[in-house]
Amino acid sequence: MRRGVRSGPAVAAPVGRDSEVHQVLEAARRACAGHGGVVLISGEAGIGKTTLVRALEPELAGLGMQVCRGAADLLETALPFSAIGDCLDRGRRSAAARQQAAVAEQGRTGPGDRAGPPVMGDEMALLQQVIAVVEDLCEDGAIALVLDDAQWADPQSLLCLQRISRLVEQLPLLVLLAIRSGESTPQLDQLTARLSQRGAATITLRPLSEHDVEKLLTQLTGAAAAGPALRRLAADAAGNPFYVAELVEALNAAGRLTIGHDTAGHDTAEVETEARAAGAPESLHAVIMRRLVFLPAEVTEVLRTAALLGSRFGVDELAAATSLPPQQLYQQLELAERAGVMVETEEQLTFRHDLVRQALEQTMSVSARQAMHKQLGLALAAAGQPVVRVADQLRRSGGTLGPAGLDWLDGAADRLVARDRDGAVELLQRGLADADPADARAQRLRVVLARALEYQGRIEECRQVVSQALAGTDDPELRTELRWVLVKVAAAGDRAGMTTTHEYVRLAQEAASHPDTSPEQRQRFLAWYATRLCNLGEVERGREVAEAVRTSGAADASAVSQALVALALADLITHRPGAAWKLLEQAHGHAAALDIFRSSALLDLGRFDEAVAAVRQPSEEAGGAKSAGDMLWGHLYRAYVRFIGGWWDDAGAEIEAGREVAEYSDVGRGLYGLGALLALHRGEVPTAETYLARAPVRSPSTPGDAFIGSFPRWAHARYEQYRGHPEQALEMLEQLCRHDCGNLPALWLTTLAPEVVRLAIEQGQTNRAHGILELVSERAEHAEPGLLESGLRSCQGLLERDAEALRAAAERCGALHRTWQRARCYEDAAGVWAERGEREEALHDLEEAIVGYQELEAAWDLSRAESSLRALGARRGVRGRRRRPTHGWDALTVTERKVADLVAEGLSNPHIAQRLFVSRSTVQTHVSSVLSKLGLTSRVEVAINRARHGER
């Protein structure tokens, strides 16, 4: 008989999990074949999820998959993108390695820790980058995205996983999540529910059987069998493999395990008599601590420090935290590894199980832990560790930061805000709580805090901070920066209905004239002020201010460019798109607003193809990361241009893609309003009602809300028409024409004015119809020649019952690529011909209208026109496109066919996006629609199906 068994960490092979391994590998093989999927592994703490995930990694790699495995950390739940960043930090072999590494680095440390100025980014921008990385990785082959301990994943990482999981049918991608049961968050519950609805496979790890526990005991002890006393003691572990392993290690460390021989001469592991009498420890925590008792005291102390750093950490962090000489630290870590407490993974150390870390953490009182966290934070700061790691420790310390903490915050605040706004605000508020207001560091930090609160939309808190900061600093640069914050937060408050409309304009004017303001900053304030004046309808005043900036000889190029934009906006509002286009050609930059103004001018001028090109999505490499607001503006305006131009299928795809970010900006009201308008015309009333619920009409309307707010008002008016309430529809559309259109480009008036005239005539209120005609005529006198011609002729034709004028309006709309307006004018002309008894002319124009409605698949309008056709005793002819089927290749739109062809050629979503000049999210929408209409489940099937159908 010999005392003791082999020591070290528990075995890596998962005992009793053959069926689970088989299930995951089957899903992986399907992913390699192009049928991606999601697998959820759940179970109690210690049941073997991590062991299973680690054992699967080489198996997945053996299938040719690139494995991106990471783990969420309990101490990083408040750190945005930390969990997904850890996944993307593994296996950088692909062509996307550089971008992958950049996103992983941002997930782990934040942009402020890299070279270059800090960028106050938007979380949605990083989310889009994460999705782009995954798509790029899939170009090199199948990917397994594996996240362990997903119950601790930060909300941003969970959102990434939700969006990525929507793409599994489009990519050779396996998403594998290991989740501890009993520990969840609302975000995780929502994610798992949605994944299950979309067909995710769920594997629940059950306790090991008695047979499997005995097998595990033999592997752990190296014996051929386990003795009856050891088996009875292990039975108290209730089939939990981690508990069994810790029990064996604790007994072994105490010298209470022996290896003897049974009657057949086989090695048998058994428990000494004393241990048998003592029985099993009361808890898993007690088992772990009993095992740690046998480590040297200095090793245990290092492990306590490591436990406060999190489940994973770098040796350099631990060295900074302990101040131990490298040789001594490595010796102690080696002992911890030999004992199976820690595992080295790539460039980091991790606790073999977070239960070990938690047990170590619980040996300290709350006050001791807080004091240690503060000490660790300052030590990491002194060693130059990443700001988020320092901030995480300081946040957990409680209380004030003290002079040293304030010193660090003064140098790191901007970078921290760029990475973690919530955490930054908390630390800034704590750091400033007991700081001397006259301290220069405190003055600088109040500016950073004000900006952070502005970005978060915490308007009233931001105002208070700015007010205090302005009263407490004499630094003119800081005061100017604070006034910028005040102006922007007032503008945000106006959009949210929390401030008066003209407050931010007044503040900008005051800031421009303040003695603190430098000449360069003054020009910037004035250019911004001029643009906002135009938005508020004070066009001539805005034009005057912008012209003064342009001719001032200002050296600041951005101020001059902003002034040109303000002048162009003034020209667009006063219906001079030609003049606006010339100004916009001189403006520099490719900001979203500038592209939208360019497209608006081109759209008014009838240069439809150029208008589409002006707002095409640039490549990610050229365009860089965009905020949620910029992305949403892009989707809305691209959808609007395509809606006006008759590309309704593409407009719908942009709306669907934009819904991903609609909740992050008020622009979402406009997107949902346009979506409702499109759905109503296509007879998709339930969809329209869903969109209308998310597109409320703000009353009273304000000039600043003219563009965004006009879509909900237009859609709700159209819905009232659909419900048979023409008077309400007339009221809303007339308000649009008389108020909102005065702050919008000419296209809005030419589109909406005929609608008001038509409704007014139907209601017998010709005086209101004449009033709108007078409005259009007056605007036409001051507009560029011919700009309002189609709207003017249409209104005149309706009032004067002049069919030829309506035909002329229809032809003018056709020349301007306004398909629906063309069809509506022909339908109006047909009605006039029918009143005159000229049946053949009426039938001709109705047929033109029907062809237009068929092209748009405008079911509501088509039904109305066909009703008029039947009233004339005629049946619908064969001319024009019939209603598209809902399934099969004939169901695909023109763009969907292009996408399907490119998928069949083997192009990835990123390459298709570059080829078609659209966003990746729009391509994802098209691919999903193609798969749904064709009844397919993967891109591979699209290619096979396309080959069978041949060229079409």
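These are my notebook entries on a predicted model, taken one topic at a time.

**Entry: the parallel sheet**

I started with the strands. Five of them make an open sheet, ordered S3-S4-S5-S2-S6, and the pairing is parallel. Which strands stand at the edges? I found S3 (66–71) and S6 (201–204) there, each with a single partner strand, so one side of each has no neighbour in the sheet. From one strand to the next, the twist averages 15°.

I then looked up how S6 is attached. Strand S2 (residues 37–43) and S6 run parallel and are joined by 4 bridges. For a residue pair to click on, I noted Ser 42, which stands opposite Thr 204 in S6.

**Entry: the antiparallel sheet**

Next I went to an open sheet of 3 strands, in the order S10-S12-S11, where the pairing is antiparallel. Strand S10 (312–313) and strand S11 (342–345) are at its edges; each has a single partner strand, so each has one side left without a neighbour in the sheet. S11 and strand S12 (residues 348–351) run antiparallel, with 4 bridges between them. Val 343 has Thr 350 in S12 as its bridge partner. I also checked what packs on this sheet: helix H15 (residues 326–338) does, touching S11 and S12, and its direction makes about 105° with that of S11.

**Entry: helix H8**

How many residues does H8 have, and how far does it reach? Helix H8 covers residues 210–221, so I wrote down 12 residues and a reach of 17 Å from first C-alpha to last, close to the 16 Å expected at 1.5 Å a residue. Its buried residues are Asp 212, Val 213, Leu 216, Leu 217, Thr 218, Leu 220 and Thr 221. What covers them includes strand S7 (225–226), helix H9 (228–235), helix H10 (241–253), strand S8 (257–261) and strand S9 (267–271). Just after H8 I flagged Gly 222, with a positive phi of about 80°.

**Entry: Ala 320**

Ala 320 belongs to helix H14 (residues 315–322). Buried or exposed? Its relative accessibility is 16%, and the cut-off for buried is under 20%, so Ala 320 counts as buried. Leaving aside neighbours within four places in sequence, I get contacts from Ala 320 to Ala 379, Leu 380 and Ala 383. I also took a C-alpha distance: Ala 320 and Leu 378 are 58 residues apart along the chain and separated by 9.6 Å.

**Entry: nonpolar cores**

The largest nonpolar core comes out at 247 residues. Ile 164, Leu 173, Leu 177, Trp 408 and Tyr 640 have the most contacts inside it. Helix H27 (residues 557–573) gives the most to this core, with 11 residues. I followed up on Trp 408: beyond neighbours within four places in sequence, it is in contact with Ala 381, Val 387, Val 390, Ala 391, Leu 394, Leu 416 and Leu 427. Another core, of 23 residues, lies apart from the largest one and has Ala 28, Ile 47, Leu 60 and Ala 178 among its members.

**Entry: cysteines**

How many disulfides does a search of the whole structure find? I got 0. For Cys 87, the nearest cysteine sulfur is that of Cys 68, 7.5 Å away. Cys 87 counts as buried because its relative accessibility is 1%. I checked Cys 462 too: with a relative accessible area of 0%, it is buried.

Note on methods: Residues are numbered from 1 along each chain as its sequence is written. This is a predicted model: local features need pLDDT of at least 70, side-chain atom pairs count only at pLDDT 80 or more; totals for chains, interfaces and linings use all residues. Side-chain values use heavy atoms; hydrogens and water are left out. Helices (H or I, at least four residues) and strands (E, at least two) are DSSP runs, numbered from the N terminus. Buried means under 20% relative accessible area, exposed over 50%, partly exposed in between (1.4 Å probe, protein chains only). Contact means heavy atoms within 4.5 Å. Two strands pair if DSSP finds at least two bridges between them. Axes are lines fitted to C-alpha atoms, for helices over the stretch in contact, and angles run from 0 to 180 degrees between N-to-C directions. A nonpolar core is a set of buried Ala, Val, Leu, Ile, Met, Phe, Trp, Tyr and Cys residues joined through side-chain atoms within 4.5 Å. A disulfide is a pair of cysteine sulfur atoms within 2.5 Å.
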